[in-house]
Amino acid sequence: MTRKIARRLGLVLALGAALGAARLAPAAATTPYKVVDGYKVDEFTMTGFRTWRAAACDRCHGANQEGLVGPSLVESLKTLSKEDFVKTLTDGRLDKGMPSWSTNQQVMGNIDALYAYLKGRSDGAITKARVEPMAAESAPAS
Amino acid sequence: MTIAKRTTPWWCVGMAVAAATPVVHANQDVERNIADSKNWAVQAGDEYNQRYSKLNQINAGNVGRMQVAWTFSTGVLRGHEGSPLVIGDTMYIHSPFPNKVFAMDLNTQKILWKFEPRQDPAVIPQMCCDTVNRGLAYAENKVFLQQADSTLVALDAKTGKVVWSVKNGDPKLGAVNTNAPHIFKDKVITGISGGEWGVRGYISAYDINSGKLVWRAYSTGPDAEMLIDPQKTTTWVDGAIAPVGPDSSLKTWQGDQWKIGGGTTWGWYSYDKAANLMYYGSGNPSTWNPAQRPGDNKWSMSIWARDVDTGVAKWVYQMTPYDEWDFDGVNEMILADINVKGKPTKALVHFDRNGFGYTLDRITGALLVAEKYDPAVNWASAIDMRSGRPIGVKKYSTAAGGPDVNTKGICPAALGSKDEQPASFDPNTKLFYVPTNHVCMDYEPFKVEYTAGQPYVGATLSMYPAPNSHGGMGNFIAWDAGNGRIVQTHPEKFSVWSGALNTAGGISCYGTLEGYLKCVDAKNINKELFRFKTPSGIIGNVFSYEHRGKQYIGVFSGIGGWAGIGMAAGLEKDTDGLGAVGGYRELNQYTELGGSLTVFSLPNN
């Protein structure tokens, strides 16, 4: 590939990404998470991230939810319903290596927040796995 | 707490039985099997962990003509570590979870028997880094399997029937097993995994005939439970050997953290018959967040020498006090009689995850050499030979950064300059042949709560090829342990996660994550003599045996393990601009899962 084509292709890709980002702009009213700048999230979503981290989900699903031994959650949550998400965490998929988290209070107690965080990642609205708390003034008006 | 309650009776039982055990002779059967170099009688070929075969039919001059003689599928996906054993006309083959065992008649290539234990699948997610198993042991017509769910079983080698079976840990608490059992004298020695579940590590010795626990020694806690004699057990301090003194572990932990403090023992052990000592390493302290466990966290991250009969520690040496990087000390201890700085020495050589190659006097525990075996190592500038402690570099201290701070550019990564993949020693060249990782990381610790049976990790990591180097993630090196010097480096695209084999034919062989079995000239490891692409990536160990006058070299392929599966799917970072893609992510362009054994020999003509 020549450098010129590569540059043009890069431009197209960048443009596509920008359009994609615009399309996926957070709609706080309909999503369980709130995010600005792609990685500054509300306290609820932050709790979801901390739950993800504490339960060491990254060891199987990847530091960026891209999938390792376990499936990519970015992909899975595009089709997995909230109900099935809760069921999978509660019962596990033991033969595939997914544990049951039913006895883990931190996971079960924060399952909605965990879903919010992962849904935001799957939707492409949260663009960095490592999120940070949004400052109060930068919270989008709801 | 339940863990403490559980431990005390074990030790009492251990000591009582040890005292009553009559002196027995070294296991003659194992020694006889090892002495006949047609066999591959133990996982490392011998009890010194040298991984050297005296067979020389395949040699530097003809290995280029080597061909596949036969192959065998285990029928299991996921990572295949360790190697089969060969005793006479029979090969014993193991698999990862569900831990199948096959006995194969080498004359007919017929499966004589197959054993597949029933294990609760709940154990699968309890295994931190894939469902690997590092192989079997054999002694006195028994095959020993250490199952994932911690059950240790002895099988009748003729029939595959269970002779005895014993529970070595509680998988519900995360105490599972991946290590191979080792036979030293009349005992089966086995360890435990679960450092990422807050398991308190221990090593156990069972009677080979009855399966009775003879002794168990913890890595942390009260002296009695570690089988440490405060006056007689020694360590390296102030440039000399000195008794460890009372409470050497307890006083290096805050409160009761030692009870969930890790120090697991899932590596390869070795045995010096003349000294009656066995050697092994203990792993990382739990959690990975150093802020939660101030102190040296003894005796995690340590090399241990123990009396095989009583389990009592002769000496112990901690390599990485107060670990901040997950630099497990479990890698194999290789015993070799070599010149160290010009002086003939009964040496113990150890390539630690922390990137330093250590040479100690294996009788006294004196520290003789500690040098980087990968120049990329940066977390410590050197090991202070007087104190035996690393001289840390503050920039790479994850404890100095503290929780929720991402410390970047640490070399090596948590999987170490080398992980479990064992090195070999060649008595002809007097060099060690070391499969290594060339990988660095960013490490962000965070606070975690301990819940029994739940992950207790406490850090997020990203790993990438060592920057400013050849771009690959591994090297195969030749190492002079007497002087602590890299003699030669053979760069590899991926981590070399396969146990090396050297032979009297002057070759050194290892597998690669793409799936190549490679043999190089032991005198010049940059001279590749043979390569063959096996069905999947190799994380198994190369072994050799002779049958009906023909030498064979074999290796498991079956990608997986921490390096394989963990990395194969992708390392792309979206968190910063380091652009650390490539590396392991490319692995899926070369290989897929699938366990099989490939066996090579020279053509008949």
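Trainee: What's the strand order in the open sheet of chain B?
Mentor: In this predicted model, the order is β7-β8-β9-β10. That makes an open sheet of 4 strands, with antiparallel pairing.

Trainee: Which strands are at the edges?
Mentor: β7 (137-139) and β10 (162-167) of chain B. Each pairs on one side only.

Trainee: And the twist, what does it average?
Mentor: 20° from one strand to the next.

Trainee: How many bridges hold β8 and β9 of chain B as a pair?
Mentor: 5 bridges, in the antiparallel sense. Strand β8 covers residues 142-146 and strand β9 covers residues 151-156. For one bridge, take B:Leu145: its partner in β9(B) is B:Val153.

Trainee: Switching to the core. Which residues touch the most other members of the largest nonpolar core?
Mentor: B:Leu136, B:Tyr138, B:Tyr279 and B:Phe432. That core has 199 residues.

Trainee: What is B:Tyr279 in contact with, leaving aside neighbours within four places in sequence?
Mentor: B:Tyr269, B:Ser270, B:Ile303, B:Trp304, B:Ala305, B:Met333, B:Leu348 and B:Arg362.

Trainee: On to chain A. How many helices and strands?
Mentor: 7 helices and 3 strands. From the N terminus, the elements run α-β-β-α-α-α-α-α-α-β.

Trainee: What share of chain A is buried?
Mentor: Buried residues are 35% of its 142 residues.

Trainee: And what share of its contacts join residues at least 24 apart?
Mentor: 71%, counting contacts in chain A between residues at least 6 apart in sequence.

Trainee: How do α2 and α7 of chain A cross?
Mentor: At roughly 95°, and their axes come within 7 Å. Helix α7 is residues 111-123. Angles of 65 to 115 degrees count as roughly perpendicular, so α2(A) and α7(A) are roughly perpendicular to each other.

Trainee: Which residues make that contact?
Mentor: From α2(A): A:Phe44, A:Thr45, A:Thr47, A:Gly48, A:Phe49, A:Thr51 and A:Trp52. From α7(A): A:Ala113, A:Leu114, A:Tyr115, A:Ala116, A:Tyr117 and A:Gly120.

Trainee: What's the breakdown by class?
Mentor: The contact of α2(A) with α7(A) has 8 nonpolar, 5 polar and no charged residues.

Trainee: Last topic, the contact between the chains. How many residues come from chain A and chain B?
Mentor: 24 residues from chain A and 22 residues from chain B.

Trainee: Which helices of chain A each supply at least two residues there?
Mentor: α2 (43-54) and α3 (58-61). By class, the side of chain A that touches chain B has 10 nonpolar, 7 polar and 7 charged residues.

Note on methods
Residues numbered from 1 in each chain as written. Chains lettered and ligands numbered in written order. Predicted model: local features only at pLDDT ≥ 70, side-chain atom pairs only at ≥ 80, totals over all residues. Core = buried A, V, L, I, M, F, W, Y, C linked by C-beta atoms within 7 Å. Buried ≥ 20, exposed ≤ 12 C-beta atoms within 10 Å, placed from the backbone. Contact = placed C-beta atoms within 7 Å. Pairing = 2+ DSSP bridges. Axes fitted to C-alpha atoms, helices over the stretch in contact; angles between N-to-C directions. Nonpolar A, V, L, I, M, F, W, Y, C, P; charged D, E, K, R; others polar. Parallel < 35°, antiparallel > 145°, perpendicular 65-115°, else oblique.
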